[in-house]
Amino acid sequence: MCGIVGIYGKTDVKLKLYDALTMLQHRGQDAAGIMTCHNGRFNQRKGVGLVKDVFHSRHMNELQGNIGIGHVRYPTAGSSSPALAQPFYVNSPYGICMAHNGNLTNTDELMALLFSTDLRHINTDSDSEALLNVFAHELLAQEMTKPSTEDIFDAVGRVHKRCRGAYAVVGMIANYGMVAFRDPYGIRPLIYGQRKTSTGMEYMVASESVAMDVLGYTVIRDLDPGEALYVDQEGGLHLKQCVKNPQLNPCIFEYVYFARPDSIIDKVSVYQARLRMGKKLAQKIKKLSIYKDIDVIIPIPDTSRVSAQAIAEELGVKFREGFMKNRYIGRTFIMPGQKERKKSVRQKLNPVKVEFEGKNVLLVDDSIVRGTTSREIIEMARDAGANKVYMASSAPPVRHPNVYGIDMPSAQELIAHDRTEEEISSLIGADFLVYQDLNDLVDSVKEGNPNIKKFDCAVFDGHYVTGDINQDYLKKIDTERNDSAKNGSNKNELDINQSIGLHNSGIDT
């Protein structure tokens with residue numbers, strides 16, 4: 001899972017890109033990057049770390065240009081190498097850079113064809129670099145000295161034919177403009193907006209609407225599945241559906257965990273969806289024996305807070321903030337490796353003992369993935385004096401790997417895989433555990449937009465919407481991306497700080 005942004009402005013866009021990436025920081029804390037275009041020259045800064053750590057004043061001064069794209073990375077391939085920080089760049093044709101959120105499911109096939117048939121060199125094992133080179137090859141194949149809008153849309157259409165999986169993409173073509181597109185299933189979010197200035201209209205594309213809110217852009221709408229957006233060098237906006245029979249099957253985990261509650265994705269308010277999740281879960285709890293036994297409801301900050309408030313209101317039980325959060329620790333779900341996650345939980349959360357002492361506590365979390373965090377938090381609640389500790393999850397049991405860009409590749413690392421709810425409850429140390437029902441979760445989100453007929457719920461039900469996932473593929477990504485693979489990755493490579501220039505037919509470095 002990553003965050004992407006692209007801006008076509010009438011003035012310099014580097015500070016806008018920085019602010020937008022800061023608003024999207026929750027989507028990726030491993031690396032960040034910005035690339036701008038000024039007089040046909042691409043200027044770039046990217047590196048490992050948070051946005052505030054990657055970009056300093058001297059870097060920002062070099063990022064001139066009224067068009068630019070940005071990326072915050074959350075690794076799904078077991079590596080934190082600076083070489084995998086985005087955006088990526090190719091010089092042929094024209095000079096193209098691209099940032100990608102999602103995960104391709106046919107990367108190996110693409111890599112082989114790019115090398116043997118397209119005769120293109122791929123410098124990393126990143127599916128994002130493969131996607132960029134597919135787009136570049138399809139644009140080059142049209143053999144046009146100057147690409148037209150239709151040429152660009154045709155290239156996107158060919159990308160859809162060759163690439164499978166999840167991808168929301170934003171890119172730039174030097175001297176021509178900004179392009180963005182979304183996969184034919186709309187698995188990953190992508191939204192665009194505009195802002196009127198005294199010198200003309202500016203356009204922005206981003207993973208979530210909150211990035212536009214902070215910059216004063218008016219949200220127009222989500223890009224449809226398979227749709228492409230192109231803003232030409234003169235500021236003309238062009239939109240086209242580039243695939244036949246698109247289907248909107250957004251990832252439901254966006255609403256459960258990844259997206260900010262103040263975002264609107266595919267016309268669904270994340271905040272209201274989480275309220276509905278809490279209300280439906282409370283209705284389930286009312287039917288259980290623990291209902292009358294709960295003294296206080298405490299959220300595990302931050303993403304569960306909205307659902308927990310709805311549960312408390314529906315049950316008529318006190319809602320209290322029982323854990324204080326250290327804002328300088330990253331999201332523990334994103335931490336690679338069990339030891340890192342366990343250590344991070346204790347650094348991140350500290351209990352308010354008065355809210356636990358002698359009480360039967362219902363802890364509410366958005367989901368339970370590996371179970372490591374839940375076990376630590378329940379132990380912390382008991383250490384703080386809780387009498388009984390019940391656990392509620394706003395999402396159903398996560399039993400299956402994710403292949404579309406979320407770091408859940410290994411079934412064996414999912415605590416709910418091949419286990420009953422009673423077994424899970426025992427493993428995490430809860431006195432009782434209650435999960436949201438999948439139908440209730442789907443209804444909670446779908447109520448915000450009845451036109452969404454189907455969601456990607458693969459982590460819960462094992463049904464992959466792209467229809468190309470088999471056991472061999474799942475076994476392969478398990479081997480490549482489990483915690484053991486991550487712990488063996490090289491994190492000592494040098495930072496990347498480069499400026500790539502395109503001037504006429506030459507490259508300046």
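Predicted model: local features only at pLDDT ≥ 70, side-chain atom pairs only at ≥ 80, totals over all residues.
Axes here are lines fitted to C-alpha atoms, for helices over the stretch in contact, and the angles between them run from 0 to 180 degrees between N-to-C directions. The axes of α9 (residues 270-285) and α14 (residues 438-446) come within 8 Å and cross at roughly 145°, and the crossing is right-handed. On the α9 side the contact is made by A273, R276, M277 and K280, while α14 brings D440, L441, D443, S444 and V445. Sorted by class, this contact of α9 with α14 holds four nonpolar, one polar and four charged residues.

Turning to the strands, an open sheet is built from five of them in the order β17-β16-β20-β21-β22, with parallel pairing. Its edges are β17 (318-319) and β22 (432-435), each of which pairs on one side only. Strand β16 (residues 296-299) joins β17 in the parallel sense over two bridges, and I297 stands opposite F319 of β17. Helix α10 (residues 305-315) lies across β16, β17 and β20 (360-365), running at about 170° to β16. Helix α13 (residues 421-428) also packs on the sheet, where it touches β21 (388-393) and β22; the direction of α13 makes about 125° with that of β22.

The largest nonpolar core has 41 residues, of which F253 and F460 touch the most other members. At least two residues of this core come from each of α8 (253-258), α9, α14, α15 (458-461) and α16 (471-481), and α8 gives the most, with five. Neighbours within four places in sequence aside, F460 is in contact with I252, F253, A395, P396, P397, V398, H400, L438 and L441. A second, separate core of 32 residues has L131, V134, I152 and Y230 among its members.

Some backbone details in the loops also deserve a look. The peptide bond from Q86 to P87 is cis, with omega near 10°, and P87 sits in the loop between β4 (67-73) and β5 (88-90). The bond from P301 to D302 is cis as well, with omega near 5°; D302 belongs to the loop between β16 and α10. Positive phi values turn up at N245, about 55°, and at D418, about 60°, although neither residue is a glycine. N245 lies between β13 (237-241) and α8, and D418 between β21 and α13. N245 counts as exposed because its relative accessibility is 69%, and D418 is likewise exposed, at 70%.

Note on methods. Residues numbered from 1 in each chain as written. Heavy atoms only, no water. Helix = DSSP H or I, 4+ residues; strand = E, 2+ residues; numbered from the N terminus. Left-handed = near helix turned anticlockwise from the far one by under 90°. Contact = heavy atoms within 4.5 Å. Nonpolar A, V, L, I, M, F, W, Y, C, P; charged D, E, K, R; others polar. Pairing = 2+ DSSP bridges. Core = buried A, V, L, I, M, F, W, Y, C linked by side-chain atoms within 4.5 Å. Buried < 20%, exposed > 50% of the residue type's maximum accessible area, 1.4 Å probe, protein only.
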